[in-house]
Amino acid sequence: PIQNEVDISYLVPNLLENKKIIVYPKIEANDDTIHFYSVTDLKKDFILGKYNILEPVTKQEISSEQIDILLIPGILFDITGNRIGYGKGYYDKYLSANSVLTIGVAYDFQVLDGEASIPFEEQDQKMDMIVTETRILKTTDRF
């Protein structure tokens, strides 16, 4: 997590014990796009990368067909699944080309309630679900 994003790394050991493949994003300098790499050790498999964010050092890239669900952080969400990240659109570009289920992870204070909504553009991709410390919001029929 960076800045005020939810830290979900505590989930990883249990998922690994249950034989799940865990992937983390990396922004590739050669094409300035997001790619996902398998990790097995949260202490050894990372280096400081682009934007001073920890990125996986492993070389085992995982294709979108192998990914069941992406847990995606954000700064702000609304109850219809719109998301504001840090403004580069890496996740939006990836999701527009790949059909992966998405769960936005947030704190309650990061989710706009009621009729308040986040401005969005055509290329923005909605989350299928948003999970906070107190609630689960299903925002599409994909689950």
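Analyst: This is a predicted model, and from the N terminus on its elements run α-β-β-β-β-β-β-β-α-β-β-β-β, which amounts to two helices and eleven strands in the chain.

User: Why is the chain called as compact as a globular protein of its length?

Analyst: The radius of gyration of the chain is 15 Å, and the globule rule gives 15 Å for 143 residues, so the two values are close and the chain is as compact as a globular protein of that length. Along its principal axes, the C-alpha trace spans about 45 × 35 × 30 Å. Of the 143 residues, 39% count as buried, while the chain exposes about 8,900 Å², of which carbon and sulfur atoms supply 54%. Among contacts with a separation of 6 or more, 61% come from residues 24 or more positions apart.

User: Why is Ile75 called partly exposed?

Analyst: Buried means under 20% relative accessible area and exposed means over 50%; Ile75 has 30% relative accessibility, which lies in between, and therefore counts as partly exposed. Ile75 sits in the loop between strand E5 (69-73) and strand E6 (76-78).

User: What is Ile75 in contact with, leaving aside its neighbours within four places in sequence?

Analyst: With those neighbours set aside, Ile75 is in contact with Ile84, Gly85, Tyr86 and Gln110, where contact requires heavy atoms within 4.5 Å. As for Val105, the C-alpha atoms of Ile75 and Val105 are 9.7 Å apart in space, with the two residues 30 apart in sequence.

User: Which residues of helix H2 are buried, and what covers them?

Analyst: In helix H2 (residues 90-97), the buried residues are Tyr90, Tyr91, Asp92, Tyr94 and Leu95, a label that rests on a relative accessible area under 20%. Their cover includes strand E1 (22-28), strand E2 (33-39) and E5, together with strand E7 (83-84) and strand E8 (101-105).

User: What makes up the lining of the second largest pocket, by class?

Analyst: The lining has ten nonpolar, one polar and two charged residues.

Technical notes: Residues are numbered from 1 along each chain as its sequence is written. This is a predicted model: local features need pLDDT of at least 70, side-chain atom pairs count only at pLDDT 80 or more; totals for chains, interfaces and linings use all residues. Side-chain values use heavy atoms; hydrogens and water are left out. Ala, Val, Leu, Ile, Met, Phe, Trp, Tyr, Cys and Pro count as nonpolar, Asp, Glu, Lys and Arg as charged, and the others, Gly among them, as polar. Helices (H or I, at least four residues) and strands (E, at least two) are DSSP runs, numbered from the N terminus. The radius of gyration is taken over C-alpha atoms; the globule rule is 2.2 Å times the number of residues to the power 0.38. Buried means under 20% relative accessible area, exposed over 50%, partly exposed in between (1.4 Å probe, protein chains only). Accessible areas come from the Shrake-Rupley method with a 1.4 Å probe; for residues, only the protein chains shown count as cover.
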